[in-house]
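Please find below some notes on the structure.

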Amino acid sequence: MAGEDRATQGKKTRKNRPIKTTTPSRGGNILFHCVAFVVRRVLDLAMGKTWTGVEKLKRDEGYIVIANHVTEVDPMSVAYPVYMSGTIPRFLAKESLFRVPVLGTVLSRTAQIPVFRGSMEARKSLESARAVVDAGGAVLIYPEGTLTKDPELWPMAGRSGAARLALATGAPVIPIAHWGDQEFLAPKATRPRPFPRKRVHVLVGDPLDLSDLRGEDRTEHVSQKALSEATDRMMDALTALVEELRGEKAPAGRWDPHLKKRVGRTSWNED
């Protein structure tokens, strides 16, 4: 009983302990390179890969990557070409991942960015992401905020967090779409399907032009109209890239996870 009480108390402590954002450091970068070495080898063994448009990632300034979200393994599919282009990617990831033993430590020490939704801490997440971009780094963010709920796995309606970051920083926004990795690990699945060997296709799009939506002072509040329009442009760009990868046209409208049906282009939730 005493052992069970200590285990329960340990879980509660991990759940309630504060999560702090960290800035990139030499030690953290070394750790990232070590982890990336292992992950790359595993991915190369697990799946074949086809990358198109990777040359668009070689940049002399910080930038934001937006991507469609289909399976739990696709963060690695998206980060791989960014890393190989010469930039360490930093993810905006839900804060619960930072509480997972070992994984949370790696995420924190490599300066990944926890997202605190529905709290005053959410602002700190965007401030940390902005610092990465201003320092010339790459921030990877999923505008959908979670795995797509679309029954056919098309990009669904987006949240406003990616748009808010893009309009606040003025950084280039590069869409990256992927397809095929869901065959290796289906959405919400706990076991991969390595045989026959799967192939992930990654397509890098052209930077999005959001200049007409940015105010003169990027530190001020952005209008809901501008956020919605920027979010729609992001999801339109990702959908077009996924259409190219899948070789088919997406259904009309965009899946709204609250209404559980396809609706117009407007984003479904505020971050």
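1. In this predicted model, strand E3 (residues 89–94) pairs with E4 in the parallel sense, over three bridges. Leu-92 has its bridge partner in E4, namely Ile-113.

2. Helix H5 (residues 122–134) packs on the sheet and touches strand E2 (63–67), E3, E4 and strand E5 (138–141). The direction of H5 makes about 150 degrees with that of E4. Helix H6 (residues 161–169) also packs on the sheet, where its contacts are E2, E5 and strand E6 (173–179). For H6 the angle is given against E2, and comes to about 160 degrees.

3. What is the strand order of the open sheet? Its seven strands run E1-E7-E6-E2-E5-E3-E4, and the pairing is mixed. Strand E1 (47–52) and strand E4 (113–115) each have a single partner strand, so at these two edges one side is left without a neighbour in the sheet. On average, neighbouring strands are turned by 25 degrees against each other, direction ignored.

4. Arg-214 deserves a separate entry. Arg-214 sits in the loop between strand E7 (198–204) and helix H8 (224–246). Arg-214 is buried but has no salt bridge. The nearest side chain of opposite charge is that of Asp-209, 5.5 Å away, and the cut-off for a salt bridge is 4 Å.

5. Which residues does Arg-214 contact, leaving aside its neighbours within four places in sequence? They are Ala-166, Leu-167, Gly-170 and Ala-171. A polar atom of the Arg-214 side chain lies 3.5 Å from the backbone oxygen of Ala-166.

Conventions. Residues are numbered from 1 along each chain as its sequence is written. This is a predicted model: local features need pLDDT of at least 70, side-chain atom pairs count only at pLDDT 80 or more; totals for chains, interfaces and linings use all residues. Side-chain values use heavy atoms; hydrogens and water are left out. Two strands pair if DSSP finds at least two bridges between them. Helices (H or I, at least four residues) and strands (E, at least two) are DSSP runs, numbered from the N terminus. Axes are lines fitted to C-alpha atoms, for helices over the stretch in contact, and angles run from 0 to 180 degrees between N-to-C directions. Contact means heavy atoms within 4.5 Å. Buried means under 20% relative accessible area, exposed over 50%, partly exposed in between (1.4 Å probe, protein chains only). Lys and Arg count as positive and Asp and Glu as negative; His and the chain ends are not counted. A polar contact is a pair of N or O atoms within 3.5 Å; within protein, one must be able to donate a hydrogen and the other to accept it, and residues adjacent in sequence count only if both atoms are side-chain atoms.
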